[in-house]
Amino acid sequence: MGGTYVLHWALFTQGSLQARVLCALVPFTATLVFALVGLGLVPLDVLVKTATRSGRREELLSGPLLYGLVHSLLTVVFFTASPAGAIAVAVLCWGDGAAELAGRSYGVARLPHSPGKTWAGSAACLVAGFVFSLAYASLFRHLATFDRPVSVRELAVGCGLCAAAGTLAESLPLEGDNLWVPLATVVTSVWWFGF
Ligand SMILES: C/C(=C\COP(=O)(O)O)CCC[C@H](C)CCC[C@H](C)CCCC(C)C
Ligand SMILES: Nc1ccn([C@@H]2O[C@H](COP(=O)(O)OP(=O)(O)O)[C@@H](O)[C@H]2O)c(=O)n1
């Protein structure tokens, strides 16, 4: 979902704070809906069924709520001016998603530090995180939206480092992947690119 959302950033006026805020209203509205339904203030069974594993509305207040908040923050803070926003969305949406799909389908060997997760899941996270972050960041590089020019090599190495950091965070036996994965990715991106 966020993987297609980030492509819409290209349609907004670049360099405008109003554009960032307007665009962030989309994930922020979703976040509010997750909160209202999760708290039981608004009944919306279809959302509970599609966005939770347990079928309990309270689950909307953890993973999905964080997911929406993180998208809202990444939009307002980074948008298209820095590679960090698009890279974090790519690693969260495609990397974390691929880890679960590959891990459940092909995962056999378990990670020593995280027995609930597998090497196959982490490998898929690394590959998908790298491929999609490079694709998104290359799009914004091509549109020249970054605050400074970034070479293809710098972008590729940065996406590789961010995908590795996101994969490491995803592999940890912690609740809240939707926070730790983008946080690790953003810190790595800002460290590498410097903006
Ligand atoms: C399930 C979701 C997040 C993953 O949590 P977890 O499994 O890792 O603990 C959220 C999924 C969203 C839902 C299927 C559909 C929401 C539709 C909404 C109109 C669009 C949301 C936009 C997005 C936040 C950018
Ligand atoms: N590195 C990983 C990540 C997930 N997975 C699989 O995907 C399932 C769900 O992963 P998760 O607990 O990270 O779920 P989310 O927090 O991403 O929703 C795990 O129980 C594993 O079966 C894996 O095999 N290897």
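View 1. Ligand 1 has Met1, Tyr5, Pro27, Ala30, Phe34, Ala51, Arg53, Gly63, Pro64, Tyr67, His71 and Asn178 around it (a residue counts if one of its heavy atoms lies within 4 Å). Two of these residues also make polar contacts, meaning a pair of N or O atoms within 3.5 Å. On its own, ligand 1 exposes 670 Å², and the protein buries 70% of that (Shrake-Rupley areas, 1.4 Å probe).

A word on bookkeeping: residues are numbered from 1 along each chain as its sequence is written, while chains are lettered from A and ligands numbered from 1 in the order in which they are written. The model is predicted, so local features need pLDDT of at least 70, side-chain atom pairs count only at pLDDT 80 or more, and totals for chains, interfaces and linings use all residues; side-chain values use heavy atoms, with hydrogens and water left out.

View 2. Aspartate 177 has a polar side-chain atom 3.0 Å from an oxygen atom of ligand 2. Taken alone, ligand 2 exposes 530 Å², of which the protein buries 75%.

**View 3. The largest pocket.** About 1600 Å³ of space lies in this pocket (the space filled by probe spheres set on grid points joined across faces, edges and corners). A pocket is an open set of points on a 1 Å grid over the protein atoms alone, where a 1.4 Å probe fits, with protein on both sides within 12 Å along at least five of seven lines; lining residues have an atom within 4 Å of a point. Of its 47 lining residues, Arg53, Tyr67, Asp96, Glu100 and Asn178 are the closest to the centre. Helix H5 (residues 83-106) gives the largest share, nine residues; helices are DSSP runs of H or I, at least four residues.

**View 4. The second largest pocket.** This one has a volume of about 170 Å³. Its lining is Val70, Leu73, Leu74, Val77, Phe78, Leu179, Pro182, Leu183 and Val186. Helix H4 (63-77) and helix H8 (177-193) are the elements that each give two or more residues.

Note on methods: A polar contact is a pair of N or O atoms within 3.5 Å; within protein, one must be able to donate a hydrogen and the other to accept it, and residues adjacent in sequence count only if both atoms are side-chain atoms.
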